[in-house]
Amino acid sequence: MKKIIRLLAFIAFVSLLVGCHLLDSKKTVDTPPIDNSPIGIIETPPQIVKKTDWRSILSPFITKILQSSSIPEGNRVLLISDIQNRTGEFVANNQIDEALHQLMSKQPIFSVVNKQSINQAKQAIGIGSDDKFVSRGKMIGLAKSINAQYVLFTTLYQLPNDDNGTDADLSIELLSTQNGEILERVASKDFAQPKTQTDNNQTEANE
């Protein structure tokens, strides 16, 4: 009887060892971690800024300013100011600024301050390169800091729109930095075509 019990105990012990060996020999399968991080949002590419022929738009304004201005001899250094934007829309100021500098570089009356000198003067008096609050007083102060006697100040009221035939609405002023006086002012309305007699008669007939 004792031999049978010992035999059973031995068999049980061997079975336990075999079971432990089988458990250790099983291969562990690594489960790759699940990436629960949010998917990045793809930014919408910026809209292409419409290219406007500002030279053609601004040329008659500059011509009229120069023709109507009586500039005394002496300091004729002129600063082309930043654009005062009153349209309520985004305006590609660099396009307008470039057109103004190109047009003014061809005239013989004024000596135009170059862009590098303007940027240096802005840094010196604390005007940011992306400053949106353009005013006559600020531009006159900037002109005085570089000893410019005149400022060409442009205000934009409405952008041109080829889709509905809308023209640009703007004004250009020649300012004296000495006293802030507006020496000359040319606006879009100065180029408006007067009504012909035929138009007037047609209007009266419709009334």
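Author: A salt bridge is a side-chain nitrogen of Lys or Arg within 4 Å of a carboxyl oxygen of Asp or Glu. The model discussed here is predicted: local features need pLDDT of at least 70, side-chain atom pairs count only at pLDDT 80 or more, and totals for chains, interfaces and linings use all residues. Residues are numbered from 1 along each chain as its sequence is written, and side-chain values use heavy atoms, with hydrogens and water left out.

Reader: How many salt bridges does the structure hold?

Author: Side chains of opposite charge can pair when their charged atoms come close. The structure holds six salt bridges. In one of these, the side chains of Lys-122 and Asp-82 meet at 2.9 Å, N to O. Helices (H or I, at least four residues) and strands (E, at least two) are DSSP runs, numbered from the N terminus. Lys-122 belongs to helix 4 (residues 115-125) and Asp-82 to strand 1 (residues 77-85), so the pair ties together parts that are 40 residues apart in sequence.

Reader: Are Lys-122 and Asp-82 buried or exposed?

Author: Buried means under 20% relative accessible area, exposed over 50%, and partly exposed in between (1.4 Å probe, protein chains only). Both Lys-122 and Asp-82 are buried.

Reader: What order do the five strands of the open sheet have?

Author: Two strands pair if DSSP finds at least two bridges between them. The five strands form an open sheet in the order 2-1-3-4-5, with mixed pairing. Strand 2 (111-112) and strand 5 (182-187) stand at the edges, each with a single partner strand, so one side of each is left without a neighbour in the sheet.

Reader: In what sense does strand 1 pair with strand 2, and in what sense do strand 3 and strand 4 pair?

Author: Strand 1 and strand 2 pair in the parallel sense over two bridges, and Leu-78 has Val-112 in strand 2 as its bridge partner. Strand 1 and strand 3 are also parallel, over six bridges; the partner of Leu-79 in strand 3 is Val-151. Strand 3 and strand 4 (residues 169-176), by contrast, pair in the antiparallel sense over eight bridges, with Ile-172 in strand 4 as the bridge partner of Thr-154. Seven of the nine residues of strand 3 (residues 150-158) are buried, so strand 3 is largely enclosed by the rest of the structure.

Reader: With which residues is Ser-81 in contact, leaving aside its neighbours within four places in sequence?

Author: Contact means heavy atoms within 4.5 Å. Ser-81 lies in strand 1 and is buried, with a relative accessible area of 1%. Leaving aside its neighbours within four places in sequence, Ser-81 is in contact with Asp-97, Met-139, Val-151, Leu-152, Phe-153 and Thr-154.

Reader: Which residues of the largest nonpolar core touch the most other members?

Author: A nonpolar core is a set of buried Ala, Val, Leu, Ile, Met, Phe, Trp, Tyr and Cys residues joined through side-chain atoms within 4.5 Å. Of the 26 residues in the largest core, Trp-54, Leu-58, Leu-100, Leu-152 and Ile-172 touch the most other members. Two or more residues come from each of helix 2 (54-68), strand 1, helix 3, strand 3 and strand 4. Helix 2 gives the largest share, six residues. Apart from this core lies another, of 14 residues, among them Ile-118, Ile-127, Ala-143 and Val-151.

Reader: Which residues of helix 2 are buried, and what covers them?

Author: The buried residues of helix 2 are Trp-54, Leu-58, Phe-61, Ile-62, Ile-65 and Leu-66. Their cover includes helix 3, strand 3, strand 4 and strand 5.
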